[in-house]
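Colleague: I've just opened this one and would like to go through it with you. Please bear with some quick questions.

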Amino acid sequence: MRILLVEDDPQLGRATQLGLDQSGYAVDWVQTAEAALTSIKLHDYQCLLLDLGLPQQDGMSLLAQLRRNGFNESILIVTARDQIKDKVAGLDAGADDFIIKPFDLDELAARIRSVRRRLAGRSSALLKHRDIILDAAARQVSLHGETISLTSREFNILQFLLEHLGQIVSKDQLEQALYSWGDEIESNTIQVHIHHLRKKLGKDLIRTLHAVGYVIDKEID
């Protein structure tokens, strides 16, 4: 999942970015509302972490603007403001959740997973397909009940494809969703990860449509 962090505190921004990166997320970090708007125009984000106390345009105003402009992905407010009126205002303006600073990174990651599940209409952290079970919370995958060792990139690609079961996903979509600024991506990087997933989970799991993309087909009842 690719996340945009909007936080003007350099120390907290960097720490949050590094912590979420270690949890398997691709995180871009900006410090102003203007930079956030530019980034959202250029990249596809599945989640926005938004501080309210931004310079120039504040976070609450940015939140309302994004929702008016049709940004329908997850938005979590991350702020030091702990008054009920601020929570109510943020939720009414379109935020999906509200977490108070200082926060625990494990809790933040759990709230991100929870919000994404709700938007996808799922109540469980488990994604199941055939004999494969992916646990998004534990970041583990099992096949026929046995744990399969995947790299972080392999896990993220598998999760993205399972979340879009039956849908063709292009190489560009995968790169947009799984890599942040500064990540070096070779032209065949996605192809190599797909090859490794097939070796570990079955050669017929992921279907390639030449020059179009990849898909995990739904099972036919």
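Colleague: Which elements each supply at least two residues of the lining of the largest cavity?

Modeller: Strand S1 (2-6), helix H1 (10-22) and strand S3 each do. Helices and strands here are DSSP runs, helices being H or I with at least four residues and strands E with at least two, numbered from the N terminus. Before we go on, this is a predicted model, where local features need pLDDT of at least 70 and side-chain atom pairs count only at pLDDT 80 or more, while totals for chains, interfaces and linings use all residues. Residues are numbered from 1 along each chain as its sequence is written, and side-chain values use heavy atoms, with hydrogens and water left out.

Colleague: What counts as a cavity, then?

Modeller: On a 1 Å grid over the protein atoms alone, a cavity is a set of points where a 1.4 Å probe fits but cannot get out. A pocket is an open set with protein on both sides within 12 Å along at least five of seven lines, and lining residues have an atom within 4 Å of a point.

Colleague: How many cavities of 30 Å³ or more turn up in the whole structure?

Modeller: The search finds one. The largest cavity has a volume of about 40 Å³, where volume is the space filled by probe spheres set on grid points joined across faces, edges and corners.

Colleague: And which residues line the largest cavity?

Modeller: Among them are Leu 5, Val 6, Glu 7, Leu 12, Thr 16, Asp 51 and Phe 103. H1 gives the largest share, three residues. By class, the lining has seven nonpolar, two polar and two charged residues. Ala, Val, Leu, Ile, Met, Phe, Trp, Tyr, Cys and Pro count as nonpolar, Asp, Glu, Lys and Arg as charged, and the others, Gly among them, as polar.

Colleague: Okay, on to pockets. How much space lies in the largest pocket?

Modeller: About 720 Å³. It is lined by 31 residues, and Met 1, Gln 46, Arg 116, Gln 159 and Glu 163 lie nearest its centre. Helix H5 (105-120), H6 and H7 give two or more residues to that lining, and H5 has the largest share with six.

Colleague: How do the lining residues of the largest pocket divide by class?

Modeller: Twelve are nonpolar, ten polar and nine charged.

Colleague: What volume does the second largest pocket have?

Modeller: About 230 Å³. Of its 14 lining residues, Lys 171, Ala 211, Val 212, Gly 213 and Tyr 214 lie nearest the centre. H8, strand S10 (207-209) and strand S11 (213-215) give two or more residues to this lining, with H8 giving the most, three.

Colleague: What is the phi of Ala 211 like?

Modeller: It is near 65°, a positive value in a residue other than glycine. Ala 211 sits in the loop between S10 and S11.

Colleague: Is Ala 211 buried or exposed?

Modeller: Exposed, with a relative accessible area of 79%. Buried means under 20% relative accessible area, exposed over 50%, and partly exposed in between, using a 1.4 Å probe and protein chains only. Gln 56 also has a positive phi, about 65°, although it is not a glycine. Its place is the loop between S3 and helix H3, and at 73% relative accessibility Gln 56 counts as exposed.

Colleague: Which residues of helix H3 are buried?

Modeller: In H3 (residues 59-68) they are Gly 59, Met 60, Leu 62, Leu 63 and Leu 66. Seen down the helix axis, they fall within an arc of 160° (taken from the directions from the axis to the C-beta atoms), so they line one face of the helix.

Colleague: What do the buried residues of H3 pack against?

Modeller: Helix H2 (33-42), strand S3 (47-50), strand S4 (74-79) and helix H4 (84-92).

Colleague: Last topic, the largest nonpolar core. How many residues does it have?

Modeller: It has 27, and Leu 158 and Leu 201 have the most contacts inside it. A nonpolar core is a set of buried Ala, Val, Leu, Ile, Met, Phe, Trp, Tyr and Cys residues joined through side-chain atoms within 4.5 Å.

Colleague: And what is Leu 201 in contact with?

Modeller: Setting aside neighbours within four places in sequence, Leu 201 is in contact with Ile 132, Val 141, Leu 143, Ile 148 and Leu 158, contact meaning heavy atoms within 4.5 Å. Another core lies apart from that one, with 21 residues, among them Leu 4, Ala 36, Ile 40 and Leu 50.
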